[in-house]
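Q: I have a two-chain model open and want to go through it piece by piece. Can you take my questions as they come?

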Amino acid sequence: MRLEPIANPSLARSLGFPAAALVATVVIASLLAALAGANPLATLGLIVKGAAGSKFALLETLNRATPLIFTGLAIATAFRAKLWNIGAEAQLYGGAIVTVILGTSALSGIGAAGLPLIALGAMVAGALILLGPVMLKTKFGVDEVVTTLLFNFIMLLLVSYLLEGPMKDPMGMGWPKSAPLDRALRLPRIAEGLRLHWGFGLALISATLIWFVQTRTTLGYEMRAVGLNAQAARFAGIPVSAVLVKTALLSGGLAALAGFSEVAGLKGHLSLDLSPGFGYTGIIVAMLALLHPLGVVITAIFVAGIFVGSDSMSRAAGVPTYIADMLLAVALLLMVAAIGLTKFRVVRG
Amino acid sequence: MTPAHPKAQDVVLRLDTITKRFGPLVANDAISLTLHRGEVIALLGENGAGKTTLMNILFGQYTADAGEVTVFGHPLPPGNPAAALAAGLGMVHQHFTLADNLSVLDNIQLGTVPLWRMGLGRRTARAKLAKLAADFGLSIDPDALVGSLAVGERQRVEILKALYRDARILILDEPTAVLTPQESDALFDTLRRAIKTGLSVIFISHKLHEVMALSSRVLVLRHGKLVGEVATRDTDRHALAALMVGAEVPPPSVAPQNPGPALLTLRDVSTRNIGAAPGLKSVSLSLRAGQITGLAGVSGNGQAALSDLISGLTTPQSGAVEMPNLPDIWSPRGAISAGIARIPEDRHKTGSIADFSLTENAILETYAQAPFSRNGLLNWAAADAHTRHLIATNDVRCPGPSAPIRQLSGGNMQKLILGRVLEASPKIILANQPVRGLDIGAITYVHKRLLAARDAGAAVLLISEDLDEIMALSDVIHVVSEGRLSPEFARGRLTAAELGLWMAGIGFAHAA
């Protein structure tokens, strides 16, 4: 058996295989639910209801999607230029640390006007965290998959140290968490009485801006050219290293906004459980969206829905929440295979 | 060597009406051939005639649309390289498939040791290799790193690799393209020994004298069709050349022209080696206005180093680049801004981005300038209009400006690249193998554009491994060998044979 490329995949092929992947995901999820001793259809129904069955559920899903949109955008941006940023988790925490430092500072004097400054500070932190690995890559050819991945552990240990030491909340009853942000420096709710905060709005604006950058600006053109064929890009005079550095700054900044938005919009303080792997899940979000910035919004909401829905289903049906992770893993694998099958034909012999 | 009347049972390989289409292009059109035991047949044809496609079908890299391959009387399953190897076919590719960081013995054993066997069977392998080397006169140190070997030695490793796998039919794809004449002679000796042991050889080439020297039968391919099959002793070079090109293509008429001032001068320039290919060794060269400077040479003798330097990809280690408006920083962008049009050797990997549209490819060098962008914002309407203009003026056959460029044939792709770099009437043109793999129509077009640019006063550097192309187009010729540059020869001063001596490195004042 081998694969033969298809020059012009038909529309039926381009849509049929991803659709089949979704159906197969549902079937496999049903089998898993049955394995856990629950009624498969009821379980799936509970997941959908838990994710989108009520206004409260839907807003919860959008809240959960917010950091995933940011990390998904960060990864989609980097991967587009074939910069393999696996360190969105580290950049998220970098953004969160700066948010807490600035958010508990004298900046509260200027009220909500301080928020853009904090967001900017967080982005700078995230960008700087990715700058090291990308410089090592462009100067010495060090594999950024390794360096960015290692930064995740470094940052987690740094946060752990900060929360036990200099940034520990003196009023925190000994829990490893930071002092809360000043009330004036929290992201406001989108509407009174709704749990959804403006971090979601910022995420939508970011996605639109990234889409604009990729399709309408010279920087986006350069990033795509470098990602598709760095040799031809270099020959044509595109400064490949500089483009990779710019991509890294943008990507790191976006991931850091996830940290900013979670701290300033949702939690109000920094703790070690700020991110249940948003940086890694962002990879799934970006890949499912085929690295399209607007697609990231949709897949982030989809992925968040599975998590939120599974949480609620688990409480109701007694099926472990791990089913959410398995569902996502299955969905990703099948989608990757489906995308491959839209471009290649399997030939026997 | 060949039996006068080869008997039917001597047939070791039979191709029967093999046909392969790539879209509208018929790469192989009902080609049939037979190969007998102990026979050398030559497959002759120009670039793009379908030789390599035919061999790729034989080896299972492609599946034929129609036709059948029979090896030693058994049909060969299509599209299965492993079956081809097992049937006794061995191929020596034009571009070697060796691992530089492994020893000769490792390279030869690679892929022959079953996954589940403990140990490598080194002693047996070493003995078998030593016997093969002695039998065929292919002396080689089995423990040498392949990366440290010269090109001719690497080819020996490739041949030994095929023989080690008990190949009974050896296929050599343009084996002398990278060899000096002396190395070629040694190769021919080896092959003559090999056929005495009953090996059969298919020899792919477009060099007539080699074909005449080695083969017993010649098959000529043209545009995918088998246009002639003759016994070597019944033909001569002129007849073969006529068969190969078909209707005599008149060489482009090149009116002599008085050269203008030097627009680009290299003074004692040396550059780093590129992998196994040598860098430039103290090269001095002047490209003058209104003149085509031809660079002849065997592949891998410094052409890439010179091309990379003028393209702006590399800077000299020593020596100087001089031109009227030399950019501050010598880089691809610096070279472009200095008015150098660059037609790269590999139009797929270097000259274009396959998944980019024609429009995106058309502005690859100019996207950062008005009207294609202002303040970092792209103007796709302007880019599209420009691309439509290039498509129309260069006769690029394509579905439209938004189609990905990978859908285009090599000729149309090259026409777009040509349009892209020649649109601004550049003063200096670097054309590295500009017609390799193109059909006659596209070749004529490319040559016409280069000559027109020369007549308009551009300085053209034409790099080609095709000596006929160099001799037909160039006003002056340099030969490059192991990174050294010969003196300048005016048009017609040296014959092809004399240039061949220079290509072999004979005549250079200093050693490499």
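This is a predicted model: local features need pLDDT of at least 70, side-chain atom pairs count only at pLDDT 80 or more; totals for chains, interfaces and linings use all residues.

Q: Fine. With that, what share of the contacts in chain A between residues at least 6 apart in sequence join residues at least 24 apart?
A: The share is 77%.

Q: How many helices and strands are in chain A?
A: Chain A has 13 helices and two strands. Its radius of gyration is 21 Å, close to the 20 Å from the globule rule for 349 residues, so chain A is as compact as a globular protein of that length.

Q: What does the C-alpha trace of chain A span along its principal axes?
A: About 70 × 60 × 35 Å. Of the 349 residues in chain A, 47% are buried.

Q: How many residues does the largest nonpolar core have?
A: That core has 239 residues. Those with the most contacts inside it include Leu257(A) and Val296(A) from chain A, and Leu89(B) and Val460(B) from chain B. Helix 10 of chain A, residues 240-267, supplies the largest share, twelve residues.

Q: What is Leu257(A) in contact with, leaving aside neighbours within four places in sequence?
A: Among them are Phe70(A), Ala119(A), Met123(A) and Leu202(A).

Q: Now the contact between the chains. How many residues come from each?
A: Chain A gives 16 residues and chain B gives 27 residues. On the chain A side, helix 8 (218-228) and helix 9 (230-235) each supply at least two residues. Helix 8 of chain A gives the most, with five residues.

Q: And by class, what is on the side of chain A that touches chain B?
A: Eight nonpolar, six polar and two charged residues.

Q: Over to chain B. In what order do the four strands of the open sheet run?
A: The order is 2-1-4-5, with antiparallel pairing. Strand 2 (25-36) and strand 5 (74-75) of chain B are the edge strands, each pairing on one side only. Helix 1 of chain B, residues 51-58, packs on this sheet and touches strand 1, strand 2 and strand 4. The direction of helix 1 makes about 65 degrees with that of strand 2 of chain B.

Q: How many bridges join strand 1 and strand 2 of chain B?
A: Eight bridges, in the antiparallel sense. Leu15(B), for instance, has Leu33(B) as its bridge partner in strand 2.

Q: Then which peptide bond is cis, with omega near 5 degrees?
A: The one from Ala370(B) to Pro371(B). Pro371(B) lies in the loop between helix 11 (358-362) and strand 16 (373-374) of chain B.

Q: What is phi for Phe72(B)?
A: Near 50 degrees, a positive value in a residue other than glycine. Phe72(B) lies in the loop between strand 4 and strand 5 of chain B.

Q: And what is phi for Ser425(B)?
A: Near 45 degrees, also positive. Ser425(B) is in the loop between helix 13 and strand 18 (428-432) of chain B.

Q: Is Ser425(B) buried or exposed?
A: Exposed, because Ser425(B) has 11 C-beta neighbours inside 10 Å. Phe72(B) is partly exposed, with 14 other C-beta atoms within 10 Å.

Q: Last one: is Arg420(B) buried or exposed?
A: Buried, with 25 C-beta neighbours inside 10 Å. Arg420(B) lies in helix 13 of chain B, residues 410-422. Not counting residues up to four places away in sequence, Arg420(B) touches Ala362(B), Glu365(B) and Leu390(B).

Notes
Residues are numbered from 1 along each chain as its sequence is written. Chains are lettered from A and ligands numbered from 1 in the order in which they are written. Two strands pair if DSSP finds at least two bridges between them. Two residues are in contact if their C-beta atoms, placed from the backbone, lie within 7 Å. Axes are lines fitted to C-alpha atoms, for helices over the stretch in contact, and angles run from 0 to 180 degrees between N-to-C directions. A nonpolar core is a set of buried Ala, Val, Leu, Ile, Met, Phe, Trp, Tyr and Cys residues joined through C-beta atoms within 7 Å. A residue is buried if 20 or more other C-beta atoms lie within 10 Å of its own, exposed if 12 or fewer, and partly exposed in between; C-beta atoms are placed from the backbone. Ala, Val, Leu, Ile, Met, Phe, Trp, Tyr, Cys and Pro count as nonpolar, Asp, Glu, Lys and Arg as charged, and the others, Gly among them, as polar. The radius of gyration is taken over C-alpha atoms; the globule rule is 2.2 Å times the number of residues to the power 0.38.
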